[in-house]
Amino acid sequence: MSQSPRAPSVNATSSHLSHATKGLVTQSGLPLLPLYEPEGGAQASLGRPGEFPFTRGVYETMYRGRPWTMRMFAGFGTPAQTNARFRALLAKGQTGLSTAFDMPTLMGRDPDDPQALGEVGREGVAIATAADMVRLFDGIALNQVSTSMTVNASASVVLAFYVLAAEAQGTKPAELRGTIQNDMLKEFIAQKEWVTGVRPSLRIIGDMMAYTSRAMPLFHPISISGYHIREAGATAVQELAFTLADGIGYVQCGLAAGLEVDAFAPRLSFFFDIHNDFFEEIAKLRAARRIWARVMRERFHAQEPKSWLLRTHCQTAGVSLTAQQPLNNVARVALQALAAVLGGTQSLHTNSLDETYALPTEEAATVALRTQQIIADETGVAKVADPLGGSWFIESLTDQMEAQALRIMAHIDQMGGIVEAVEQGYPQREIGNSAYEFQKRIERQEEVVVGVNRYTQAEQSRIPTLAIAPDVEREQIERVRAARAARNAESANKALEAVRDACQSGENLMPRLVEAGRVGCTLGELCGVYRSVFGEYRDPGGF
Amino acid sequence: MAEGKIRILVAKPGLDGHDRGAKVVARGLRDAGFEVIYTGLHQTPEMIARAALDEDVDAVGISIMSGAHLTLMPRIVELLKAQGQAEVAVFGGGVIPEDDHPALFKAGIKQVFTPGASIADIVTWVRQNVRPQV
């Protein structure tokens, strides 16, 4: 491209300036400041980016200083198959890993458990032993890459296996960066993968928070997730309110585990869904940051500014994708991803166009990643922090989202807190009602879904889908049985007993779980200890 | 409706916890005038067949998002047949690729609804394909 002789001279000197502050320009060469704000400075309710209450973003320079992490959720089949997908995504420019586990792993069941029938490796990768985890990250330096793991009920065991996988590479726990989802409140509210009940689950989470704050200071022990709440049918306002109420629950959980608020609050992270209503989603992220900053400073008296920050991962809305005319999903994902970026996310997963049919093919996952790269590198939207800040519309919508969410959060406080609210089924009922209302609105054509209730066409474009070979289940069953046969039975039994003792005595479980993983105890056996000591949780049913 | 009430079991097999679809469909079928029983989550095929017998249903609607449909759905049909409920109409929905539909039909599943199916479509199908027992 030829450069105009009158292009701003800042281009010529940019090499002397850091990436964060160097002058950027539009395609026509107009200069772009890192931030735009009213004459006379920022309003107190907004702050500047990086300033309380962080309405405009958590970092001063936002994406000029640090682009969001492009983190594609991936996992299927055997650890070796997922390892190959991880390597392919990293080779294509992905900047962080995100692991999807299969249902048996999420529910604390080994591949040969009768309840795992037909599900091994189907919806994610099957992990039953520390050795499986070593294979999953084979050849990927865990001291170099940050890893997100979407696992909750069995998260304590998976974290122990992850520590062991790092150890096998010579990496210490203190060097590990990443996030484990570990948000059980939203499991009871929305995603419904559990091992034991609400209160024992929170005790296990408290142990993990205490352990990571000491041994893994760079690791996020919890990702407080609105995503599943939204996907289960919540409105954006409900997603915001229930997620932040869960966050308050985890702060209380950390305090109950004997931690100082500033010792763990900076490591709490969040995860929101980004659905179709473009401006509402942007306003939701802005309101979330402002509410959280005030909750942490005013309610919990956190002193450390990092404790006030709501740092979040976002994912485009799987539930918004359609099986009809599936190529249209690329456009939906692009618009949702753009909203996440304009809302100031720190990390993003973009869904693949084929997800209403199956787990994504590599080609579909690549298109989704490329969508983020197009937003980052072609559109120019990342050049200015909070580019929509100060829009009368966006600020009004942000204020309204905040007010509505605070009202629901106050109601939860009146019920005695989120744990009581969940035990009484309050968020669950609200979400069920919203899901049904939304479906009825679609059927009355009050919500348009292109290709489903408008612009339908008889002939459908067929797309290729990923098939998981049926021998994955057999392979994983054989592998876990061989692992059990090969280990020292006495050491394994002793280690399981030590975990049982810690469950009963209240001693921190994590060191015991790491030892148990080291001597070959399986995920199903360790979660089996939880089931036997704490009791198994069952779906209360109802609809 | 003049006819006797159709009884439908909405079932959630396997470890998959995605129950939005199952619950929305269950409510929609109830509001359309059918009697609906929901199993709750994390049911084995045996538990579902048992519930179908205990509740003496005319149809079983299976919701499955975990990719285990080729294993779990035919198993439920087999168990129903084995306990003398061959006439119970089994249908399903969820994240189920079209390439898998023929195998499911062959195994005795009468209809598969994919994402985007409306409650109205499902209600119409039930009215046309399920008869209450006399």
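Helices of at least four residues and strands of at least two are DSSP runs, numbered from the N terminus. In this predicted model, A:Asn182 is placed in the loop of chain A that runs between strand E6 (178–180) and helix H7 (184–191).

Most residues other than glycine have a negative phi, and most peptide bonds are trans. A:Asn182, although not a glycine, has a positive phi of about 50 degrees, and A:Asn182 counts as buried because its relative accessibility is 1%, where the limit is under 20%. A:Gln325, in the loop between strand E10 (312–316) and helix H13 (329–342) of chain A, is likewise not a glycine and has a positive phi of about 45 degrees.

| Residue | Phi | Relative accessible area |
|---|---|---|
| A:Asn182 | about 50 degrees | 1% |
| A:Gln325 | about 45 degrees | 9% |

Chain A also has a cis peptide bond, from A:Phe52 to A:Pro53, with omega near 0 degrees, and A:Pro53 is found in the loop between strand E2 (31–32) and helix H2 (62–65) of that chain.

Turning to the interface, chain B contributes 37 residues to the contact and chain A contributes 42 residues. Together the two chains bury about 3,400 Å², with 54% of this area on carbon and sulfur atoms, and B:Leu15, B:Arg20 and B:Arg27 supply 25% of the area that chain B buries against chain A, more than any other three residues. The rule finds 3 salt bridges across this interface, and the side chains of B:Glu98 and A:Arg462 meet in a salt bridge at 3.1 Å, N to O.

Key
Residues numbered from 1 in each chain as written. Chains lettered and ligands numbered in written order. Predicted model: local features only at pLDDT ≥ 70, side-chain atom pairs only at ≥ 80, totals over all residues. Heavy atoms only, no water. Contact = heavy atoms within 4.5 Å. Buried area = accessible area lost by both parts, 1.4 Å probe. Salt bridge = Lys/Arg side-chain N within 4 Å of Asp/Glu carboxyl O. Buried < 20%, exposed > 50% of the residue type's maximum accessible area, 1.4 Å probe, protein only.
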